[in-house]
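Me: I have a model open and want to know what lies behind the labels put on it. Please take each label in turn and set the value against its cut-off.

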Amino acid sequence: MNRTIFKIFFAIFLLLATLIAYLTLWPTGLKPQAWYPQEAPKLEGKFALNDILSNIEIFGSEMGEGPYEKIVYRYGTGPEDVAVDKNGNTYSGYHGGLIRKFDKNGKFIKIIANTGGRPLGLALDNIGNLIVADANNGLLKIDGQGKIITLTTESEGLPLGFTDDLDIASDGKIYFSDASYKHTYPNSYEDVMEHSANGRLLVFDPNTEKTKTLLEDLYFANGVALSPQEDFVLVNETNEYRVTKYWIKGIKKGTSEIFIDNLPGFPDNISVGQNDIFWIALYGPRMEIADYLADKPFLRNILFRLPESTRPLPPNYSFVIGVNSEGKVIYNLQNPSPDSFSPITSVKESDDYLYFGSLLYDGFGRMKKSKLPTN
């Protein structure tokens, strides 16, 4: 064999050997767990395809005119959640920590605070304080003057790794989630790929200033919502396509059960609206490759070693469902268009509108409830 050709083949061999060694042996720090999802439900029947969410209008993109607003404009993306007050004003949090307030017409009012972290779930307490689940900084309170007060950063000695969503009871207790005590917000993909139970459902009591763990070993504990009667609280487990119920009153107090299982997408936030409807935002529809790789942790480790740009992600697809207190699907709202407002990460209901959060837009979505199908 010609020496030059031999050198070329040898170089190719070394390159391939190095690549194979990297893909199979290079340590990632992940410990992927095998799991066995149910067959994904077909998009028919109660999940039949539709384009109802094509009626979403995007608003809340406006920034203020002052120099401070211009400086932080680059952080004005990703309104993951929306809180609505009794006057129809809306509040949303963005990458970089910015929290902005808009009037009912979507006109910018002011920046109320900058947490310096990543505000996710938002809710107003009964005296108008904004309670924030900040992925980086824990559970926060922002008062009427914009003062930021840290409520808690740990539970029973274990620090919060990824404070995600919350709901507030009439007695002031704040129920919230720690999506993963192991993988922080910038590393959420690691938690998905690992599929280990690092999430928790927690409660903070403002009277005692103590935090208690209600549930642990959850698979990416995401959205949180109290029932209208406040006898149970729901928490979304994104990585298991399900919602779990935890009883806080009654004969089942302190126990948990599956509320709804085998969802057609990745459940993100959840909120309770009118007529006892729980609105569940689905980040995107199920992906065949994700379910295929579920029981193949070795292959998931290989995939994780590939460049970030090659990682499979859900397609652009708006998807929201509304279920009643028994977990029955009442509303099925979709828009499969590549131009859809997606991914939808949260849904909040007011008297006239549904509001939608997303990680990728500089504004949030709104749709008139008159566009909802009649049931």
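Reply: Helices here are DSSP runs of at least four residues and strands are runs of at least two, numbered from the N terminus. The model is a predicted one. Ala 34 lies in the loop between α1 (3–25) and β1 (57–59).

Me: What is Ala 34 in contact with, leaving aside its neighbours within four places in sequence?

Reply: Contact requires heavy atoms within 4.5 Å. With those neighbours left aside, Ala 34 is in contact with Ala 294, Asp 295 and Pro 297. His 195 is 161 residues from Ala 34 in sequence, and the two C-alpha atoms are 7.8 Å apart.

Me: What makes Lys 348 and Asp 81 a salt bridge?

Reply: The cut-off is a Lys or Arg side-chain nitrogen within 4 Å of an Asp or Glu carboxyl oxygen. For Lys 348 and Asp 81 the N to O value is 3.2 Å, so the pair falls inside the 4 Å limit. Lys 348 lies in strand β24 (residues 346–349) and Asp 81 in the loop between α2 (67–71) and β2 (82–84), so the pair ties together parts that are 267 residues apart in sequence. Both residues, Lys 348 and Asp 81, are buried.

Me: How do you know that Arg 200 and Asp 178 form a salt bridge?

Reply: Their closest N and O atoms are 2.7 Å apart, and the limit is 4 Å. The pair links distant parts of the chain, with Arg 200 in strand β14 (residues 199–205) and Asp 178 in strand β13 (residues 174–178), 22 residues apart. Arg 200 and Asp 178 are both buried.

Me: Why does the pair Arg 242 and Glu 240 count as a salt bridge?

Reply: The closest N and O atoms of Arg 242 and Glu 240 are 3.9 Å apart; the cut-off is within 4 Å, so the pair is counted. Arg 242 and Glu 240 are both buried. Salt bridges with shared partners join Glu 237, Glu 240 and Arg 242 into one network. The structure holds ten salt bridges.

Me: Why is Ser 177 called buried?

Reply: Buried needs a relative accessible area under 20%. Ser 177 has 0%, so it is buried. This residue is in strand β13. Leaving aside neighbours within four places in sequence, the contacts of Ser 177 include Phe 162, Asp 165, Arg 200 and Val 224.

Me: Is Asn 89 buried or exposed?

Reply: The relative accessible area of Asn 89 is 13%. Buried means under 20%, so the residue is buried. Asn 89 lies in the loop between β2 and β3 (90–93). Beyond its neighbours within four places in sequence, Asn 89 is in contact with residues including Ala 83, Phe 102 and Ile 109.

Me: What makes β7 and β8 a pair?

Reply: Pairing requires at least two DSSP bridges. Strand β7 (residues 130–134) and strand β8 (residues 138–142) have five bridges, in the antiparallel sense, so they pass.

Me: How many bridges join β14 to β15?

Reply: Six bridges join β14 to strand β15 (residues 210–218), and the two run antiparallel. The requirement is at least two, so they pair. Gly 199 has Leu 218 as its bridge partner in β15. β14 and β15 form a hairpin with four residues between them, and Glu 209 in the turn has a positive phi of about 60°.

Notes: Residues numbered from 1 in each chain as written. Predicted model: local features only at pLDDT ≥ 70, side-chain atom pairs only at ≥ 80, totals over all residues. Heavy atoms only, no water. Buried < 20%, exposed > 50% of the residue type's maximum accessible area, 1.4 Å probe, protein only.
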